[in-house]
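Please look at the sequence and the model shown below, and keep both at hand while reading the report that follows.

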Amino acid sequence: MSKWRVFWVPKPAPIAPPRLAVLAGWADLAEREASTGIRPGDPILLAPDYRIDELLSLYTRSSPFRRYTKETKRNYITDLCLFFNFLWRRGKVWTQAAESDVDDFQFWRQRSPENPVRVGGNKWNRELAALMNLYTWATKPGNQFLTRNPVPVHRVVGRHGQVVDVPDGKAKDARGSNVHWLTPRTFRLWVNVGLRGYVADGLPSPSWLGRMEGRNVAFVRLLTSSGMRRLEGASLLTFEVPSLRLQGSRYYTGRLAAAVTRSKKARTYYVEAQVVGDIESYVESSRADAIRAAQTRGRYNAVPSLRLVTRASRGPKPTVYWRDRQGVNGRIALTEATADERMTWYTEGPAGLEPLWLWLNEMGLPLQPHSWNNVFTAANQRCRAVLDPEPERHLDPHHSRAPYATPHSCRHGFALYMLVILHHLMDQRFGLSPQERRDYRLLYGDPWRMVQDLLGHAFLETTRERYLAPVADLQLRSLLTTAPLFREGERPALEMDEVFGRLAREAEGIQDIDTKLRVAPQAAG
């Protein structure tokens, strides 16, 4: 069956002499696209009758659409094509949609027994947002390509007192987050089995190849230690990672650029010293090997968009100065550089060009942020293969004994860990009286707000309702009263295992070894 298709405009690259006759005369394709306002990364939608809709092309080149992140653009275009296909089977295009079409589409996506792949509230709300954004753009004053928005809405007062339109079809059963929480020891098990190749008895597998193991372990531990989002951690440059000091501390600090954060505000991140050591080991080993191999093969000389960083100033607003292959000089504040710009930055090393992008693939080139999803998927599959008994494999996923993680699970796990540790420090280890505890909170804020600041959330409700929903209604003080006191030289992550195990038993959504697995103790260490 014919359907809508999408093609993404690639980054400019030298066009080789055409090998096919149909490509003859298209050597100036980049110039033709630029003359019409088409940029790399723009989607081109092709209708089932092989026509390109001019209005859709205007929408994908509009400022509202171009402000979306790369991932949001791909998600929204995929969602729109689903609706366009639904309309096409009715003999309509998107400009002919009525409210009844949107209602019928929602019924089909969420509730129709004839649909073999129904979606939940979260997925539907994202699809509805994609439709809302398209039709709002098409009907707003100045455009008015359509006389009426087919997405029925009602008006409510927002949290800042502004009036906003909310789609009537917004799902009521949407969850704030589908990410599961992992306790610290369960994350250690997931890393050991999924990324380091351990088997169920806690020992490394003799057949484990360990390709890019150091890189993958360092990245995952960075997310779990700092609470960064995937894009934030994936976009770091080599000089943005703090360096270990002889007289160091348990935590080191760094700065996240505003352009790579969701809030578009720069913030300080904290990372454990051991994780900084993991990153330095990766830089000095497998990363250095990949760079040497790429230099030998001349890969960096073939990067068309390469920008050589000539200087990086310090001070209140660090600025990066660069020069491209055409000799054009430019500069940009470090905090304003997007992920795509950062991937083009190289420096002149002892043996030639080197990327400043921290995380590289096996060819020595910058690893795309979305590629980390593949690393997590492979680790989940290995955990399932190693830790799930053979008779239970491929059966009820709710009874899987293997931990399951995503990049955002690391952020959720970090939030849970920091909340429990901060409560413990405040309510027990410091030995504060009720009055002293009150004064401490007035001076530094309570643990909830501390975690909010660490995550970079604008609203405390987001921290409570989405990231820490399993423990938002629990009396943490009562849970912690039986926890053992820290002794000199002991590691909190291990001492708090009993507390996290109790949380996992009392709250839904938290994965812990005791409640999921029966494995040898060595695997959790």
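## Two crossing helices

In this predicted model, Leu189, Trp190, Val193, Gly194 and Leu195 of helix H7 meet Val375, Phe376, Ala379, Asn380, Arg382, Cys383, Val386 and Leu387 of helix H13, where contact means heavy atoms within 4.5 Å. Helices (H or I, at least four residues) and strands (E, at least two) are DSSP runs, numbered from the N terminus. By class, the contact of H7 with H13 has ten nonpolar, two polar and one charged residues; Ala, Val, Leu, Ile, Met, Phe, Trp, Tyr, Cys and Pro count as nonpolar, Asp, Glu, Lys and Arg as charged, and the others, Gly among them, as polar.

The axes of H7 and H13 come within 8 Å and cross at roughly 95°, and H7 and H13 are therefore roughly perpendicular to each other. Axes are lines fitted to C-alpha atoms, for helices over the stretch in contact, and angles run from 0 to 180 degrees between N-to-C directions; those under 35 degrees count as roughly parallel, over 145 as roughly antiparallel, 65 to 115 as roughly perpendicular and the rest as oblique.

## The nonpolar core

The largest nonpolar core has 50 residues, of which Trp190, Leu195, Leu222, Leu236, Ile279 and Trp359 touch the most other members. Such a core is a set of buried Ala, Val, Leu, Ile, Met, Phe, Trp, Tyr and Cys residues joined through side-chain atoms within 4.5 Å, and buried means under 20% relative accessible area, exposed over 50%, partly exposed in between (1.4 Å probe, protein chains only). Among the elements that each supply at least two residues of this core are helix H7 (184–195), helix H10 (273–284) and helix H13 (372–387).

## The open sheet

An open sheet of five strands has the order S10-S9-S8-S11-S12, with mixed pairing, and two strands pair if DSSP finds at least two bridges between them. Strand S10 (329–333) and strand S12 (352–355) stand at the edges with a single partner strand each, so one side of each is left without a neighbour in the sheet. Strand S8 (residues 307–312) and strand S11 (residues 345–349) run parallel and are joined by two bridges, and the bridge partner of Arg307 in S11 is Trp345.

Residues are numbered from 1 along each chain as its sequence is written, and side-chain values use heavy atoms, with hydrogens and water left out. Local features need pLDDT of at least 70, side-chain atom pairs count only at pLDDT 80 or more, and totals for chains, interfaces and linings use all residues.
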